[in-house]
Amino acid sequence: MFGAGGGTSSYREAEETNLIILWGSNARETHPIFFHHVLRGVRNGARLVAVDPRRTSSAEWADVWLGIDVGSDIALANAMAREIIHAGLADKEFIARATTGYEEFERCVEAYTLERAEAETGVPAAAISEVALDYARAERGMICWTLGITEHHNAVDNVLALINLALLTGKVGRYGCGLNPLRGQNNVQGGGDMGAIPARLPGFQDLEDPAIHEKFARAWSGADFPSKKGWHLSEMFEAMDRGDLRSVYIVGENPARSEADQTRAVRLLSGLDHLVVQDIFLTQTAELAHVVLPAAAGWAESEGTVTNSERRVQRVRRALEPPPGARDDIDIIGELAQRLGCGWGRPTAEQVWDECRRLSPMHAGMAYRRLDELGGLQWPCPDESHPGTQFLHARLWKEPAEGAPAPFHAVEHDPPVDRLTEEFPIRLTTGRRLDSFNTGVQSGGYTSPLRKGEALLISPEDGKRIDVEDGEAVRASSRRGSVEVRVRYERSLRPGLAFMTLHFPDQVSTNVLTIDATDPKSGTAEFKASAIRIDKLTRVPAT
Amino acid sequence: MDIRTTGDPATEEEIAAIDGLLGEPESLWQGGERHPADDHVAHGGRAVRSRRHLLLPVLHAIQDRTGWVSRGGLEYACRRLSIPPAEAYGVVSFYARFALQPRGALALHVCDDIACKCAGADELCAALEKDFGAPGGAWHRSPCLGLCDRAPAALVEGAGADYEARQIAPVTFAEADGVLRGGAWPHNHSTPLSPTLSPGGRGGLLRRVGVVDPRSVDSYLDHGGFAALRRAREMGAEAVIHEVTDARLLGRGGAAFPTGRKWESVRKADARPHYLVCNADESEPGTFKDRVLMENDPFAVVEGMALAAFATGCEKGYLYVRTEYPLARQRIENAIARSRERGLLEIDIEVRRGAGAYICGEETALFNSIEGKRGEPRNKPPFPVEVGLFGKPTVENNVETLINVLDIVIDGGAAYATTGTRDSTGMRLFCVSGHVLKPGLYEVPMGTSLRALIELAEGLGPGRTLQAVLLGGAAGSFVTPAQLDVPLSFEGTRAIGATLGSGAVIVFDDTADMKQMLLRIARFFRDESCGQCVPCRVGTKRQEEILERLLAAPHGDRRADVMLLTDIAQAMRDASICGLGQTAANAIGSGLTQLRVLNG
Amino acid sequence: MAEPVFVGLPRKLVGVTIDGRDIEMTEGSTILDACRQLEVDTPTLCQLDTLTPINVCRVCVVELEGSRVLVPACSRKVEAGMKIATDSDRVRHSRRLVLELLASSVDMSLCSPRVHGWMARYGATPARFGSEVATVAQPVKVDNDLYVRDYSRCILCYKCVEACGVDAQNTFAIGVAGRGFDAHISTEFDVGLPDSACVYCGNCIGVCPTGALMFKSEHDMRAAGTWDESRQSVTETVCPYCGVGCMLELHVQDNTIVKVTSPLDNSVTAGHLCVKGRFGFEFVQRRRS
């Protein structure tokens with residue numbers, strides 16, 4: 001957010017805020033322990049608002065649930081902003097001192113009347129207004145989101161629309177206020193922190209800034225490394241499609257199962273000249289590889305750090321001996337470097353980390369010793385006497401505001417790419433269940449009494465309309481492919497809305513249905529919005 | 001709240017019963033059908049969870065309709081009220097009156113408690129068992145039904161759309177037999193008008209009992225009704241509390257806390273709203289005074305509540321009455337409705353019905369019960385005047401206490417305090433039962449001797465001698481014939497290690513089997529312990545077991561077991577959370593030491 | 001550079017006397033906090049720092065001057081001038097009886113050594129109630145692959161109910177049902193866990209002080225005689241699933257994870273986990289076989 005890619009608040013603040021909006025996040029099931037903090041907040045009197053097409057278990061806790069149509073988030077956010085402005089509840093003083101671009105933003109949202117928002121989102125105008133005014137009037141309020149916001153073709157615009165709301169009401173940079181993306185994997189945040197994104201070096205430092213580049217080059221003994229940003233994942237697949245990308249080295253990711261439009265992903269991966277996969281399992285992606293490098297599990301078989309959704313850098317430690325032949329990621333990379341003629345030696349995880357601390361100012365104070373003692377530290381932590389940072393952007397409230405002002409971004413509603421038509425009338429959205437995770441590579445390892453396998457969840461009303469029983473197998477088809485899947489009736493889904501997970505690719509390849517329409521800035525595909533049809537299977541009776 | 005229900009759906013009857021109380025569900029999300037509006041918005045959260053307190057009324061609605069609480073019915077109630085089913089199950093299974101197994105519409109509850117034992121309840125139960133099998137089918141053994149003046153007693157309930165409950169006392173075998181065979185229910189025998197002893201000529205607390213028409217507000221007004229409330233409004237809240245304080249009125253529920261001080265604390269409490277709770281959960285064995293007041297002078301109870309609410313700034317009042325008092329409940333509900341019609345009531349008063357739990361007479365357990373929870377007492381402090389019902393400042397008074405306040409406001413505190421003793425002012429209602437010729441409710445000045453009270457009840461039957469008196473009910477203690485001159489005042493009874501408690505006075509002549517009485521008391525506490533704290537939960541069980549052991553083998557060495565009882569008693573008294581555990585060994589201890597039951 | 005950190009309002013100090021020793025405590029602290037500060041070992045069973053004091057076991061009672069009855073140290077807040085005795089005859093008597101009454105009705109053999117130490121200190125002899133007295137003995141409930149519930153070990157401390165309920169998980173799959181000596185922990189209508197609201201977070205197990213609730217892995221190893229805590233190491237790491245970053249304590253015996261817990265004082269988890277963090281570790285074991 002405005003320069004730093006991390007949630008602005010601490011979990012603890014959710015316990016002491018007045019209003020929490022969970023927007024496109026079923027934290028009850030996807031971030032259960034964060035939801036404990038939310039529930040403590042609720043017990044302490046906070047109002048909870050859930051914005052989600054599905055009435056999820058998180059939404060069941062909410063004082064108000066806004067069941068928007070999939071992909072109408074910007075229409076909702078802009079209409080809320082308009083309501084706030086018209087009610088005179090915009091924090092004009094904060095806007096003036098700490099932001100830019102307000103006028104253009106105001107002009108943009110003026111077109112989002114409640115009537116229009118009701119038409120785009122399906123949510124009654126009165127409810128939109130109620131939530132907007134509640135948020136604006138709350139002394140403290142925070143917005144938290146997950147993939148419901150980011151797995152869209154306009155993911156970045158979605159996020160910006162939420163940021164606008166916080167800037168409009170001065171709800172960032174103060175205790176109990178903030179903007180918090182809840183990270184889906186245990187080290188998504190850490191990957192970003194460490195520069196595993198196309199335009200950044202460790203500590204979110206701009207790769208294309210010559211001074212930064214120079215600093216790293218000096219530290220790395222004049223090593224020659226790119227000074228232009230690279231490709232994100234979706235761009236890589238596009239490059240494979242064009243033939244520009246012929247060799248790929250994949251570490252701990254299973255795109256053959258996790259990519260939208262799976263048929264295409266597998267085709268492109270299979271056509272590479274050289275594919276190296278480093279993983280703890282022989283995943284479906286590894287099965288396509290020319291070389292597989294068996295790795296130790298990062299969280300239990302090797303040393304290192306990860307960063308969580310409150311920017312807390314925490315230690316992971318080796319508790320188990322890895323299986324024979326599986327090696328620590330650092331060892332593998334060191335060995336590769338050796339073979340490529342760079343003598344990096346065999347640094348320990350701590351030595352690698354200390355190098356990172358020397359180069360990344362926001363991590364500088366996070367010595368292993370301190371991480372051990374304090375149960376982790378929240379960045380930025382610039383020196384070893386610094387306690388870590390509970391919430392970001394307090395600078396915006398300094399007199400006068402410090403640093404670059406926070407920009408409003410005028411963003412427009414843009415519905416999902418995969419349009420609903422008579423042929424494909426059902427909106428399929430995807431998500432996670434409590435006891436499972438992603439493509440099931442990890443969570444498939446234990447027996448969960450809650451697990452019922454993959455199913456296409458639909459409203460009982462749709463079931464009756466299509467004439468399929470609860471539990472009956474059907475054919476679900478999108479413009480990209482079709483799968484056979486059992487139907488399960490789910491009263492929390494409204495007619496016209498269906499739900500699947502990606503947890504059981506061996507049972508049902510949900511990603512055959514999903515669309516790879518991708519946000520150009522973040523590279524995330526629109527997993528949340530496919531258009532499908534559901535057909536009753538006609539079986540020839542056995543004779 | 002994300003609630004998971006996995007049972008069968010509720011039956012139409014159950015849904016009708018629940019919706020009859022709560023209204024139709026507003027949305028799919030509260031257990032109803034899908035409406036178009038449900039697809040895109042839902043209001044819930046705190047607003048829905050705050051209906052938790054309706055759980056007991058809903059459970060009563062289900063059971064009144066169908067005779068029991070099924071899983072489907074309970075789960076539908078849970079959806080309507082946003083209560084997790086496991087919690088609701090914990091609540092249903094806490095209260096003895098709720099049935100969790102299917103049973104017929106008819107339920108006959110036969111009291112086998114102390115006073116009814118004195119009147120042949122054991123023989124009645126044995127005869128029923130012979131003809132109708134062990135209790136638990138259509139007939140049930142019950143702790144004290146509060147009809148001790150007309151023992152033996154029974155209560156019959158018929159589930160259905162036209163649910164009815166009726167007290168039958170005294171009940172004969174022929175009547176019980178007729179009811180169980182589906183015959184007509186005998187009419188409630190009229191309350192024998194207890195003789196009262198009143199100071200001066202003006203009449204005491206019971207002066208309207210049997211005189212006014214308990215169903216008519218006009219009749220009450222004709223007998224000076226609502227004069228005290230009018231007077232209180234003229235005086236102002238502060239002056240009312242001043243008079244109550246001057247009267248040195250002590251609470252009549254058993255704890256004897258100064259009423260004026262309680263009222264003052266609530267009046268001054270900053271937090272809002274303030275709640276008033278009238279404790280009419282009279283369940284102490286041998287106690288029936290509040291029932292007589294509610295059945296025969298219900299408008300006075302309502303006026304007393306209105307007055308207390310006025311003095312303490314309460315926005316809302318609850319009267320919590322045990323489910324075994326259907327007539328009292330009906331009369332009070334009528335009195336509230338009639339008074340409100342006439343514009344005599346400013347405060348909203350709601351009647352809540354217990355469900356068979358002695359512990360709910362404990363003030364904080366009663367709060368939990370109103371809140372729709374298990375009737376588990378809370379640890380104090382904080383005290384109810386600060387953190388009471390729904391966590392707000394609450395004044396809780398017993399029915400008899402509130403009736404006293406009416407006279408205090410009319411006559412003035414100082415005048416009131418001239419009756420009784422210095423430390424125990426005013427008149428007191430005593431529920432005299434057991435082996436006396438005229439059991440009933442007697443009103444005497446505080447300080448009257450126990451001997452005089454028993455004489456008022458015309459003493460024992462011809463040729464009988466007194467064996468013991470149980471003063472204060474099961475939580476009280478035994479008094480010997482040698483102690484009959486004890487003055488019935490708080491300080492007088494305290495001096496001999498006894499207590500006035502709830503005003504229960506159960507008299508035993510030489511025919512009473514005191515061992516059985518002790519065992520009944522031990523069983524009572526084992527049944528009624530809420531189970532929350534270890535000393536009481538396990539202590540009441542061990543007390544019963546050891547007592548059984550002692551009484552079954554009267555000739556062995558009893559010293560070790562008596563020592564065990566003493567040890568348990570001390571731990572229960574010292575370490576239990578509430579008054580139930582703290583007093584659960586009193587009567588048994590006094591039976592062993594004062595009455596020397598083991599030596600008999 | 002440091003940004004403001006919310007620390008709350010400063011609190012008043014309150015002076016109390018415990019066993020003749022004066023101590024100042026911040027307002028809002030409990031008598032137990034004061035005892036701990038003075039290193040007065042105070043027995044507790046139903047108390048846990050991360051749960052709301054429920055004060056039902058009564059083993060922590062102390063004698064407070066001016067109070068008719070003993071008071072629970074775990075929940076009673078300090079007030080200025082309190083004079084407290086923690087080792088008087090009355091205190092010793094009640095603590096002894098509480099432990100005796102419990103141990104006479106419940107199998108407490110898997111309680112921590114500290115509990116057994118308190119039994120010895122207070123001279124608890126549960127057998128003195130006789131051998132014929134009622135207990136809560138009953139068959140072990142094994143109805144799923146993750147937990148077992150052995151309620152013959154349950155002292156009804158309510159911790160599991162609190163952890164499943166408002167103090168952490170808010171799932172409310174279990175509650176206290178029945179009353180008196182028959183009160184017990186139960187799902188709705190006593191259905192098995194798979195039919196209940198249980199989400200298998202294991203937070204009830206995390207707080208159980210008696211071994212009544214146990215991971216099936218531990219239960220099976222104990223049954224097979226292979227459970228050996230002296231051969232176990234505990235390593236702190238971070239959960240490999242979502243991005244909340246829950247700290248795990250991996251209990252490892254013979255290079256195998258046998259149990260997962262989380263530290264009570266961890267700011268992310270307060271000792272609580274979800275089903276994935278608690279049980280989702282198997283994938284690193286399976287790849288070894």
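**Exercises on the interface of domains 2 and 3 in chain C**

In this predicted model, domain 2 of chain C and domain 3 of chain C bury about 1000 Å² between them, with 61% of that area on carbon and sulfur atoms.

**Exercise 1.** Determine which residues of domain 2 of chain C lose the most area to domain 3 of chain C.

*Solution.* Begin with the bounds: the domain assignment places domain 2 of chain C at 136-224 and domain 3 at 228-289. Next, take the area lost on the domain 2 side: C:N203, C:F215 and C:M221 lose the most, and together they account for 40% of what that side buries.

**Exercise 2.** State how many residues of each domain are in contact, and how far apart the domain centres lie.

*Solution.* On the side of domain 2 of chain C, 17 residues are in contact with twelve residues of domain 3 of chain C. The centres of the two domains, taken over C-alpha atoms, are separated by 20 Å.

**Exercise 3.** Identify the polar and charged links across this interface, then describe the domain 2 side that forms it.

*Solution.* First, the rule finds two salt bridges across the interface. Second, five residue pairs are in polar contact across the interface. Third, α5 (203-207) and α6 (216-224) of chain C each supply at least two residues of the domain 2 side; α6(C) gives the most, with four residues.

Notes:
Residues are numbered from 1 along each chain as its sequence is written. Chains are lettered from A and ligands numbered from 1 in the order in which they are written. This is a predicted model: local features need pLDDT of at least 70, side-chain atom pairs count only at pLDDT 80 or more; totals for chains, interfaces and linings use all residues. Side-chain values use heavy atoms; hydrogens and water are left out. Domain bounds come from an automatic or database domain assignment. Contact means heavy atoms within 4.5 Å. Buried area is the accessible area (1.4 Å probe) that two parts lose on being put together, summed over both. A salt bridge is a side-chain nitrogen of Lys or Arg within 4 Å of a carboxyl oxygen of Asp or Glu. A polar contact is a pair of N or O atoms within 3.5 Å; within protein, one must be able to donate a hydrogen and the other to accept it, and residues adjacent in sequence count only if both atoms are side-chain atoms. Ala, Val, Leu, Ile, Met, Phe, Trp, Tyr, Cys and Pro count as nonpolar, Asp, Glu, Lys and Arg as charged, and the others, Gly among them, as polar.
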